[in-house]
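Please keep the sequence and the structure in view while reading.

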Amino acid sequence: MNIPTNYFISALSVLTLTVLLSGCDNAKENSPTTQKEKITIATSGAPSPFTTVNDKGELIGYDIEVVKAVFAQLPQYEINFEVTEFPSVLAGLDSQRYQVGANNYAMNEKRKEKYFYSSPIFMNQYVIAVAENNDNINRFSDLKGKSTEVSPGLNYATALELYNEQNPDNPVNIIYSEADLLPVLQHVETGQYDFQLIDKVMLSQYISEHNLKLKSIDLSNEDAERIASPYSYLLISKGKKGEQLTKDINQGIQKIINNGKLSEISIHYFGADYSPKQ
């Protein structure tokens, strides 16, 4: 029986194609799957509008939306958020339980020793909040002997503690509290405490939303620097991958500055553009 030559060629071609396809399938099966690095972002859920949990139990806020926008530019990471007490955010960064802290963080020297700072994500202006009828406080030096309520660990608390070390004869009376910002400001309004150091944009929003009888006293540049640089940041744990994570986050921040997303988020939450320009 004579078998045509082209039969062998066709059969060989089919066999070759089968082997090639099988090899491709095996390569797919044996190739390692690209794993995204998991990042946990911690926040206290306050103060609003930087970070808060709404009536539906959803975590929202300026810092939260900024983090989401930044990591949308970084597909190598998978993120999740965890809400915890404010001191626990820093403790979690210390232990590397959390990789990022998002809580309207200002910069100070103590924190710089312990954490990496991202590029700035918000431009602050610090002010003194006092009751409308309070004419005894007009500048930072007038805070001597006056009272305030503040959460331990905040940059405001750190600034006042340092001020008291420098002025031990007539220190500021610091009452430490974990109260939310609204009751803290209401305590100033009623005269229970004399003043509150605060971001200007946040104070304006609270006065407008809650009809608070408070006024804002601008700080000089020198006095504002007692508190922190006029920006807020994300904090990154100094774990073994913290340096690379910081570089990647900064690249993401620059991208959302360049494409206008950071300005968009600021306008949504504050009605104005407080995004840093770089």
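## Strand pairing

Two strands are said to pair if DSSP finds at least two bridges between them. In this predicted model, the bridge partner of Val127 in S11 is Ile198, and strand S8 (residues 126-131) is joined to S11 by four bridges, the two strands running antiparallel.

In general, the strands of a sheet pair through backbone hydrogen bonds, in either a parallel or an antiparallel manner.

## The sheet and its helix

S8 and S11 belong to an open sheet of three strands, arranged in the order S11-S8-S12 with antiparallel pairing. Its edges are formed by strand S11 (196-199) and strand S12 (214-218), each of which pairs on one side only. On average, and with direction ignored, neighbouring strands of this sheet are turned by 40 degrees against each other.

Helix H7 (residues 200-210) packs on the sheet, where it touches S8, S11 and S12, and the direction of this helix makes about 100 degrees with that of S11.

In soluble globular proteins, nonpolar side chains tend to be buried together. The largest nonpolar core here has 38 residues, of which Tyr62, Phe71, Leu185 and Ile249 touch the most other members. Helix H2 (residues 62-72) supplies the largest share of this core, namely six residues. When neighbours within four places in sequence are left aside, Phe71 is in contact with Ile39, Tyr77, Ile79, Leu245 and Ile249.

A second, separate core consists of 22 residues, among them Val130, Ala159, Ile217 and Ile227.

Technical notes
Residues are numbered from 1 along each chain as its sequence is written. This is a predicted model: local features need pLDDT of at least 70, side-chain atom pairs count only at pLDDT 80 or more; totals for chains, interfaces and linings use all residues. Side-chain values use heavy atoms; hydrogens and water are left out. A nonpolar core is a set of buried Ala, Val, Leu, Ile, Met, Phe, Trp, Tyr and Cys residues joined through side-chain atoms within 4.5 Å. Buried means under 20% relative accessible area, exposed over 50%, partly exposed in between (1.4 Å probe, protein chains only). Contact means heavy atoms within 4.5 Å. Axes are lines fitted to C-alpha atoms, for helices over the stretch in contact, and angles run from 0 to 180 degrees between N-to-C directions.
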